[in-house]
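Work through the exercises below with the model open beside you. Try each task before you read its solution.

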Amino acid sequence: QSFNSMLCAMQFGVFLFFGGFIVVMTLFVLLCVPETKGMPIEEVEGLFAAHWLWGKVLADEGVQLQMAESSATKAAAAMETGSSAAAPAQAVAVAAASGVAVALQP
């Protein structure tokens with residue numbers, strides 16, 4: 001629907017408009033998406049951590065992720081020893097807030 005109105009208003013410029021988006025998307029893929037072909041899944045996170053852009057993003061999230069995993073591990077250990085009934089709920093809440101999937105067994 002929008003293409004027809006843009007074509008009437010911009011004439012051939014609409015093709016340049018959409019072509020510009022293709023150029024921007026191509027540059028994004030070339031500069032910001034590292035090649036992972038033939039790489040084991042275990043090494044992909046390290047590849048993104050070493051990338052000039054995604055390394056900064058993962059470094060910020062890594063601190064929160066490590067804290068959540070640490071809390072979940074402590075709560076799971078407490079649950080196994082039976083020292084605290086509130087620890088598993090706390091671990092799940094912390095893990096859910098940071099996006100970490102945790103499976104605790106009763």
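A disulfide is a pair of cysteine sulfur atoms within 2.5 Å. By this rule the chain has zero disulfides. This is a predicted model: local features need pLDDT of at least 70, side-chain atom pairs count only at pLDDT 80 or more, and totals for chains, interfaces and linings use all residues. Residues are numbered from 1 along each chain as its sequence is written, and side-chain values use heavy atoms, with hydrogens and water left out.

**Exercise 1. Classify Cys8 and Cys32 as buried or exposed.**

Start with the cut-offs. Buried means under 20% relative accessible area, exposed means over 50%, and partly exposed lies in between (1.4 Å probe, protein chains only). Cys8 has a relative accessible area of 66%, so Cys8 is exposed. Cys32 has 9%, so Cys32 is buried. Now take the whole chain: buried residues make up 17% of its 106 residues.

**Exercise 2. List the secondary structure of the chain in order.**

Helices (H or I, at least four residues) and strands (E, at least two) are DSSP runs, numbered from the N terminus. Count them: five helices and zero strands. From the N terminus on, the order is α-α-α-α-α.

**Exercise 3. Find where confidence is lowest and where it is highest.**

pLDDT is the predictor's confidence in each residue, from 0 to 100. The chain has a mean of 75, and 58% of its residues reach 70 or more. Next, go helix by helix. Confidence is lowest in α5 (residues 87-98), at a mean of 48, and highest in α2, at 95. Residues 91-98 have pLDDT below 50; beyond near neighbours in sequence, this stretch has 12 contacts in the model. Residues 102-106 are also below 50, with eight such contacts. Contact here means heavy atoms within 4.5 Å.

**Exercise 4. Which residues does Phe48 contact, leaving aside its neighbours within four places in sequence?**

At 24% relative accessibility, Phe48 is partly exposed. Its contacts are Pro34, Thr36, Trp54, Gly55 and Leu58. Phe48 and Val33 are 15 residues apart in sequence and 8.6 Å apart in space, C-alpha to C-alpha.

**Exercise 5. Describe the backbone at Gln11.**

Gln11 lies in the loop between α1 and α2. Its phi is near 55°, a positive value in a residue other than glycine. Most residues other than glycine have a negative phi. At 52% relative accessibility, Gln11 is exposed.
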